[in-house]
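Colleague: I'm new to reading protein structures. Could you walk me through one, feature by feature?

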Amino acid sequence: MAFTFFFRDRHTLEHLTKLIVKKLEQYGSIKIWDAGCAMGQEPYTISIMLAEALSDSDFKKIRIIATDIDENNQFGKIIKEGIYPFDQLSRLPEGIIEKYFIKIDENENYKLVDKILNSLEFHKQDLLQYAPIDYNFDAVICKNVLLHFNHEQQMKVFEMYYNVLKPGGYLTMEQTQSIPVEMLPKFDKVLSDANIFQKV
Ligand SMILES: C[S@@+](CC[C@H](N)C(=O)[O-])C[C@H]1O[C@@H](n2cnc3c(N)ncnc32)[C@H](O)[C@@H]1O
């Protein structure tokens with residue numbers, strides 16, 4: 001079940017982009033984990049939003065680690081190549097295709113520019129192994145993934161996200177995902193209209 005698209009839940013990701021830009025001023029570099037990234041549309045969306053918000057030199061200070069269980073071993077190749085058919089780009093805001101994609105053939109396939117491709121690394125990873133991909137993240141994005149896990153599994157994944165985030169780091173989820181009651185003391189909701197939480 002890897003339904004996703006570019007600029008999905010644009011509102012939340014735009015809020016997160018603003019928060020990350022502020023954090024970059026504070027820390028000088030930023031590390032983001034997109035867990036359950038599917039074919040890369042979501043982590044590439046946040047990369048494009050950050051590229052729009054930052055100078056070239058500041059954008060180089062952003063590192064995005066994208067992971068997925070990738071059951072059929074398909075996502076890694078797609079993400080590395082960054083090639084998507086035009087019908088998947090229909091929801092992109094005006095001007096974004098021209099700026100960040102290059103048409104590569106007559107079959108309407110488009111490839112992301114190197115600047116965006118190079119901001120992201122992909123690793124195959126099963127969240128239910130509860131083994132962090134890395135530590136000291138400024139933000140974790142985990143959208144439309146946890147709903148497939150039971151309460152105990154969700155608790156363990158939330159614990160893992162808490163442990164890998166820096167103090168003050170952000171956890172971003174889809175609007176319908178809530179934090180288990182037991183975890184509430186560990187995360188503050190930052191905005192009333194987006195599901196972005198800050199590690200206490
Ligand atoms: C509906 S897609 C969400 C994609 C993107 N985050 C979004 O919101 O558009 C759910 C993704 O979660 C991944 N997934 C499911 N179980 C997982 C697990 N145990 N570990 C890592 N990824 C998993 C699936 O492979 C799929 O790509």
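Predicted model: local features only at pLDDT ≥ 70, side-chain atom pairs only at ≥ 80, totals over all residues.

Colleague: Okay, but what does pairing rest on in general?

Modeller: Strands of a sheet pair through backbone hydrogen bonds, and they can do that in a parallel or an antiparallel way.

Colleague: In which sense do β3 and β5 pair, and over how many bridges?

Modeller: β3 and β5 (residues 109-112) are antiparallel, with 3 bridges between them. They belong to an open sheet of 3 strands, and its order is β3-β5-β4. At the edges sit β3 (83-85) and β4 (101-103), each of which pairs on one side only. Going from one strand to the next, the twist averages 35 degrees.

Colleague: And where do the side chains go?

Modeller: As a general idea, side chains in a regular strand alternate between the two faces of the sheet.

Colleague: Which strands here pair in the parallel sense?

Modeller: Take β7 (residues 137-141) and β8 (residues 165-172), which are parallel over 4 bridges. To find the spot by eye, look for F137, which stands opposite L165 in β8.

Colleague: What do β7, α7 and β8 make together?

Modeller: A right-handed β-α-β unit, with helix α7 being residues 151-164.

Colleague: How many bridges join β8 to β10?

Modeller: There are 3, and β8 and β10 (residues 196-199) run antiparallel.

Colleague: Let's move to the ligand. Which residues are closest to the ligand?

Modeller: The closest are T4, G36, A38, L127 and K143, out of 18 residues that surround the ligand.

Colleague: How does that shell split by class?

Modeller: You get 9 nonpolar, 4 polar and 5 charged residues.

Colleague: Now the whole chain. How many helices and strands does the chain have?

Modeller: It has 7 helices and 10 strands.

Colleague: What percentage of the residues count as buried?

Modeller: Of the 200 residues, 37% do. Here, buried takes 20 or more other C-beta atoms within 10 Å of a residue's own.

How values were computed: Residues numbered from 1 in each chain as written. Pairing = 2+ DSSP bridges. Helix = DSSP H or I, 4+ residues; strand = E, 2+ residues; numbered from the N terminus. Right-handed = clockwise from strand over helix to strand, strands pointing away. Near = placed C-beta within 6 Å. Nonpolar A, V, L, I, M, F, W, Y, C, P; charged D, E, K, R; others polar. Axes fitted to C-alpha atoms, helices over the stretch in contact; angles between N-to-C directions. Buried ≥ 20, exposed ≤ 12 C-beta atoms within 10 Å, placed from the backbone.
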